[in-house]
Amino acid sequence: MLSVILLLSGCYKDDINDLKNDVNNLKERMAQYENLLDVLNKRLYVVSYETKDGNYVITMSDGSKLSVRNASSFIEIGENGNWWIDGIDSGNKAIAEEGKAPKIAIGQNGNWFINDEDTGVSAAAQKGKDAAEIISVSITNGIMTFTFADGRTISIPANTPEITLTSPNGGFVLDKMRWFKVLPQIKYPVGATYKWLVNNEEVSSTADLLYIFGVAGTYNIELIAKNGVGEDSKTFTVTVNEKAYNNKITQVFDFLPAPGQFTNELPNGKITDTDETMRLKAETALTANGMVSLGGFGGYIVFGFDHTVINKEGNDFIVLGNAFNDWAEPGIIMVSYDSNENGKPDDEWFEIAGSEHNKATTIKNYEITYYKPETEPTNLNEPNYIRWTDNQGATGYLAKNQWHRQSFYPLWKGETLTYKGTFLKSNIYDKSGVGNNWANPAYEWGYADNWANGDVRAQIDISWAVNAKGESVKLKGIDFVRVYNSNRAEGGWLGEVSTEINGFKDLNLP
Ligand SMILES: [Ca+2]
Ligand SMILES: [Ca+2]
Ligand SMILES: [Ca+2]
Ligand SMILES: [Ca+2]
């Protein structure tokens with residue numbers, strides 16, 4: 001190759017000397033790049049460095065020495081974690097997934113190649129640009145950075161991540177179906193990836209572990225932290241004890257029905273009641289397998305259990321209601337877990353996205369306001385009973401019906417009540433055609449008080465949960481459930497569509 005160039009050039013001696021010098025320069029530069037590449041590819045780390053005759057001599061973890069004086073083309077790890085070449089994002093990740101180091105090489109055309117792909121960036125010196133001197137070497141957070149006179153830098157991981165994890169003598173002990181949280185301290189976390197193994201099965205890829213054991217036993221846990229330099233790991237054991245739980249609602253945190261024919265009846269409500277006495281009444285009813293009604297659109301309840309409901313493969317729970325053939329009163333189910341560990345439902349909520357979630361007729365962020373009637377009507381079937389307006393520009397009245405003589409408006413509340421949520425278009429229709437037999441067929445799946453409790457379509461999979469942005473989330477378990485009525489509809493003498501709740505069944509428990 002060289003001889004061909006020399007023969008073709010066939011020029012004066014000076015030119016040939018210049019050319020020789022150029023070639024020698026190129027060779028030197030290439031040798032320096034080869035050294036750098038070697039370091040990057042082998043994922044070595046720096047043990048020491050010194051300055052010698054204007055060069056930086058860096059001793060690597062395998063004992064090899066790297067001498068760097070200047071460079072005119074360089075590689076660094078950018079803030080986005082990609083390899084950057086001469087200030088250009090190559091689009092290739094520097095921190096390899098699955099622990100596989102990216103392959104970096106100079107190709108036959110003189111360009112940088114990453115994972116056998118030509119980046120189109122020349123590794124050779126750029127014309128008219130002087131080679132820059134290294135002016136400083138620093139180590140911060142396990143990253144060694146060489147800074148050149150022109151401000152450019154090369155960064156190399158200098159340390160393996162180090163895990164510090166304090167586990168009690170004899171390991172961790174807890175009951176089954178409880179959150180297990182481990183927050184290790186990581187020294188040199190830059191660019192580190194994590195792997196948590198429970199009995200050799202990978203369960204998490206975050207630095208912290210949030211896990212829940214469904215079955216009693218002894219478990220081996222391992223955390224592996226890895227970066228380009230190397231890896232550290234820690235192992236410990238967790239003893240999970242057997243424990244008997246109640247398969248039912250054990251706590252009601254919040255209860256506010258919307259106006260409806262069972263409001264003030266299921267449970268009983270009086271003008272002297274408060275939010276707290278009503279919460280307690282709902283809790284008393286539901287912990288004794290009684291029933292509460294949520295009233296018209298938006299009426300809600302928030303409840304919890306004496307254990308965490310695990311998201312296992314397939315369906316996980318049923319919110320029990322009183323749906324029967326052709327009479328569904330679908331409630332939207334929200335779920336949450338106690339991420340701040342205070343035992344209260346003040347954490348992020350996720351909606352169980354049932355069969356209606358993405359339908360064109362579904363209205364997200366629906367709001368309805370009900371107005372307290374000034375007096376109770378003398379007509380026992382007063383059609384213009386409780387006025388409502390919504391944020392879609394609609395208005396109307398909830399009708400009174402003779403089967404329920406009490407006030408339909410929550411007696412312990414003020415002049416107006418506003419409820420928010422996702423509005424689902426009701427399936428209600430007049431089956432008889434003459435107004436004496438109404439049907440509200442169930443939605444396909446994913447709601448409360450929709451299918452009969454024994455029907456598999458009443459079962460809920462926690463994996464259907466979505467966040468406020470509508471993105472699917474894979475929760476490991478839930479501690480809290482919120483149900484609200486999703487329909488604003490009336491079926492003649494049957495009254496308004498109002499979700500009933502009379503319990504909860506965790507499909508993990510007997
Ligand atoms: Ca599941
Ligand atoms: Ca909480
Ligand atoms: Ca009802
Ligand atoms: Ca019902």
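In which order do the strands of the open sheet of 6 strands follow one another, and in which sense do they pair? In this predicted model, the order is β23-β25-β36-β27-β28-β35, and the pairing is antiparallel. The protein as a whole has 3 helices and 38 strands, and buried residues account for 34% of its 510 residues.

**The open sheet**
- The edges of the sheet are taken by β23 (251-256) and β35 (465-466), and because each of them has a single partner strand, one side of each is left without a neighbour in the sheet.
- Within the sheet, strand β25 (residues 300-310) runs antiparallel to strand β36 (residues 477-485), and the two are joined over 7 bridges.
- Val302 has Arg482, a residue of β36, as its bridge partner.
- Helix α3 (residues 275-287) lies across β23 and β25, and its direction makes an angle of about 125° with that of β23.

**Contacts along the chain**
- Of the contacts in the protein between residues at least 6 apart in sequence, 66% join residues that are at least 24 apart.

- Ile88 belongs to strand β7, which covers residues 88-93.
- Ile88 and Thr119 are 31 residues apart along the chain, and their C-alpha atoms are separated by 9.7 Å.

Key. Residues numbered from 1 in each chain as written. Chains lettered and ligands numbered in written order. Predicted model: local features only at pLDDT ≥ 70, side-chain atom pairs only at ≥ 80, totals over all residues. Pairing = 2+ DSSP bridges. Helix = DSSP H or I, 4+ residues; strand = E, 2+ residues; numbered from the N terminus. Contact = placed C-beta atoms within 7 Å. Axes fitted to C-alpha atoms, helices over the stretch in contact; angles between N-to-C directions. Buried ≥ 20, exposed ≤ 12 C-beta atoms within 10 Å, placed from the backbone.
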